Amino acid sequence: MDDFSATNRDHWDELAELHPSTPLYDVDGFLAGESSLMDLEREELGSVEGNSLLHLQCHFGMDTLSWAREGATVTGVDFSPKAIEMARELRDEAGIDAERATFVESDVYELTDNLDGEFDVVFTSYGTISWLSDIDRWAEIIDHFLTPGGTFYIAEIHPVVGAVEKTNEQWAKFEYPYFSDEVHRFDDDKGYASDDTIENGTTFFWAHTTGDILNALIGAGLDIEFVHELPKICYQRFPNLVEGDDRWWRFPGGEPDIPMTLSVKATKRE
Ligand SMILES: C[S@@+](CC[C@H](N)C(=O)[O-])C[C@H]1O[C@@H](n2cnc3c(N)ncnc32)[C@H](O)[C@@H]1O
């Protein structure tokens, strides 16, 4: 593991411990039977009943376990040991059978050394891509773990959002490059889910454009079924966003009109 990944892992270890008690991650609601998944991925991915599902960068496993409740046999992967520990605890607390929900501690880039098998579905969502240094290698790993005819699905913060720092009433302020091959450093003493001060506030991230993501999947041999760009986001990324009853955050009045969520569904050729 390089220094960038080690620094990021320390950050995620700290957030994995913090997040289960934050309102954004409604663990009580989940334990009461609610799904943590957004309507988008549930509708666009469709039924996973009876499927094997690999969830990359699963954090502390709430979405992974929500897919298990929808009938999939799930494997969640994350490089944060704390996240994996919390995921296993949450699984047990939720009374989900360990044979139906496995959690593997691994860097995505080392997963072929740490996990065997093929999966009907490979899933990843919201806040994953920018932690990855090599998007082509990521797509190859997805292809490696998909069974022929299997489905890859991603719902992600739109890459344009990564380039925007703040908004005012008029328009979003573009602060970071959209096109960049460099690694970027970000320092913040707070995470995204609460106002708690954190110690491991330094992270390193990479900008991947929508084209980079799609071309990586195409280059790995996947057939793209659809690409959707949506003017809503799953958390309060900008101060003037307003949350709807559907848990999506939008700009009041619909402006500024930037894409904030990207979803892609693709298939591995038979
Ligand atoms: C924003 S969270 C995932 C969000 C997820 N949708 C959720 O909210 O539960 C990003 C996750 O990616 C993991 N991660 C970052 N880089 C990784 C890598 N190279 N390999 C595996 N996991 C990684 C972090 O540990 C973290 O749990």
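Let me begin with a definition: a salt bridge here is a side-chain nitrogen of Lys or Arg within 4 Å of a carboxyl oxygen of Asp or Glu. Please keep in mind throughout that the structure before you is a predicted model.

By that rule, the count comes to 9 salt bridges. I shall take E70 and R42 as my opening example. Their side chains meet in a salt bridge, with 2.7 Å from N to O. E70 sits in the loop between α4 (62-69) and β2, while R42 belongs to helix α3 (residues 39-45), so the pair ties together parts that are 28 residues apart in sequence.

Next, R91 and D92. Their closest N and O atoms are 3.2 Å apart, and they form a salt bridge. Are these two residues buried or exposed? R91 is buried, at a relative accessible area of 10%, since the limit for that class is under 20%. D92, by contrast, counts as exposed at 51% relative accessibility, the limit there being over 50%.

A further pair is R250 with D246, whose closest N and O atoms lie 2.8 Å apart in a salt bridge. R250 counts as partly exposed, at 32% relative accessibility, and D246 is partly exposed with a relative accessible area of 29%. Salt bridges also link E17, K82 and E85 in a network.

I turn now to the strands. Strand β2 (residues 73-78) pairs with strand β3 (residues 101-105) in the parallel sense, over 5 bridges. How does the chain get from β2 to β3? It passes through helix α5 (residues 81-93), and this β-α-β crossover is right-handed. Within the pairing, V77 has V104 in β3 as its bridge partner.

Finally, the ligand. Which of the 17 residues around the ligand come nearest? They are Y25, H59, D78, V108 and S125. For Y25, a side-chain N or O atom is 2.8 Å from an oxygen atom of the ligand. For H59, the corresponding distance from a side-chain N or O atom to a ligand oxygen is 3.0 Å. Y126 contributes through its backbone: an N or O atom there lies 3.5 Å from a nitrogen atom of the ligand. On its own, the ligand has 600 Å² of accessible area, and the protein covers 95% of that area.

Conventions
Residues numbered from 1 in each chain as written. Predicted model: local features only at pLDDT ≥ 70, side-chain atom pairs only at ≥ 80, totals over all residues. Heavy atoms only, no water. Pairing = 2+ DSSP bridges. Helix = DSSP H or I, 4+ residues; strand = E, 2+ residues; numbered from the N terminus. Right-handed = clockwise from strand over helix to strand, strands pointing away. Buried < 20%, exposed > 50% of the residue type's maximum accessible area, 1.4 Å probe, protein only. Near = heavy atom within 4 Å. Polar contact = N/O pair within 3.5 Å; in protein donor to acceptor, adjacent residues only side chain to side chain. Areas by Shrake-Rupley, 256 points an atom, 1.4 Å probe, with all protein chains shown as cover.
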